[in-house]
Amino acid sequence: MLTEFENQYTCTKEYYKEYYRYTYFRKPIIVLINIILSISFVIGILSIMFPNIIVLDNNMAEANIATALIALCFQIYVFVRNKNLAYDRDLEKNKGNPIEVKILIMDDNIHIFANSNKDINIEFTNIEKVIKAKNYYILVTKAKLYIALKKDGFVNGTTIQFEKFL
């Protein structure tokens with residue numbers, strides 16, 4: 001089998017921040033909740049500004065605004081906690097050192113190595129979609145496994161060639 005692409009990177013805190021930002025805040029349920037909360041927030045603000053047009057009493061409007069803000073703060077808390085927990089867990093598994101990831105992309109499958117140990121082998125037929133983040137490509141499998149490739153981490157091949165390959 002011929003290696004089409006090789007990608008390497010280190011899982012730093014910045015990696016976890018970007019990875020979790022794209023995998024957490026873009027989940028359909030989170031997007032739906034944020035849309036509903038945004039509408040509730042706007043209605044609350046408008047009902048306070050224009051009490052004759054929107055018929056909500058001030059207490060209900062303030063409750064809508066407070067609920068939206070509390071839910072947003074809770075989402076940010078969960079994001080930060082999960083990001084830090086994953087980073088700390090991986091450091092602990094690797095005796096305090098960041099994890100080194102090497103990904104070999106063959107004709108029909110992907111081999112993922114963490115700290116030189118082969119962890120995962122995935123066939124391309126299982127890749128459901130590709131998310132383009134700021135510094136990473138995130139491949140999503142049918143089983144909702146997320147595989148990150150750093151855009152500037154290609155040792156064999158380039159980002160332009162990889163995008164054409166996808």
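This is a predicted model: local features need pLDDT of at least 70, side-chain atom pairs count only at pLDDT 80 or more; totals for chains, interfaces and linings use all residues.
Tutor: Helices (H or I, at least four residues) and strands (E, at least two) are DSSP runs, numbered from the N terminus. Residues are numbered from 1 along each chain as its sequence is written, and side-chain values use heavy atoms, leaving out hydrogens and water.

Student: Which side chain of opposite charge is nearest to K83?

Tutor: Lys and Arg count as positive, Asp and Glu as negative; His and the chain ends are not counted. A salt bridge needs a Lys or Arg side-chain nitrogen within 4 Å of an Asp or Glu carboxyl oxygen. Buried means under 20% relative accessible area (1.4 Å probe, protein chains only). K83 is buried without a salt bridge; E14 is the nearest, 7.3 Å away.

Student: What does K83 touch?

Tutor: Contact means heavy atoms within 4.5 Å. Beyond four places in sequence, K83 touches Y16, K17 and Y20.

Student: How many residues has the largest nonpolar core?

Tutor: Such a core joins buried Ala, Val, Leu, Ile, Met, Phe, Trp, Tyr and Cys residues through side-chain atoms within 4.5 Å. The largest has 31 residues, with Y9, Y15, I103 and L149 making the most contacts inside it. Elements that each supply at least two of its residues include α1 (13–24), α3 (58–93) and β1 (5–10). β6 gives the largest share, five residues.

Student: In what sense do β1 and β2 pair?

Tutor: Pairing takes at least two DSSP bridges. β1 and β2 pair in the antiparallel sense over six bridges, with Y9 opposite V101. β1 and β8 (residues 154–156) are also antiparallel, over two bridges; there N7 partners F154.

Technical notes
Buried means under 20% relative accessible area, exposed over 50%, partly exposed in between (1.4 Å probe, protein chains only).
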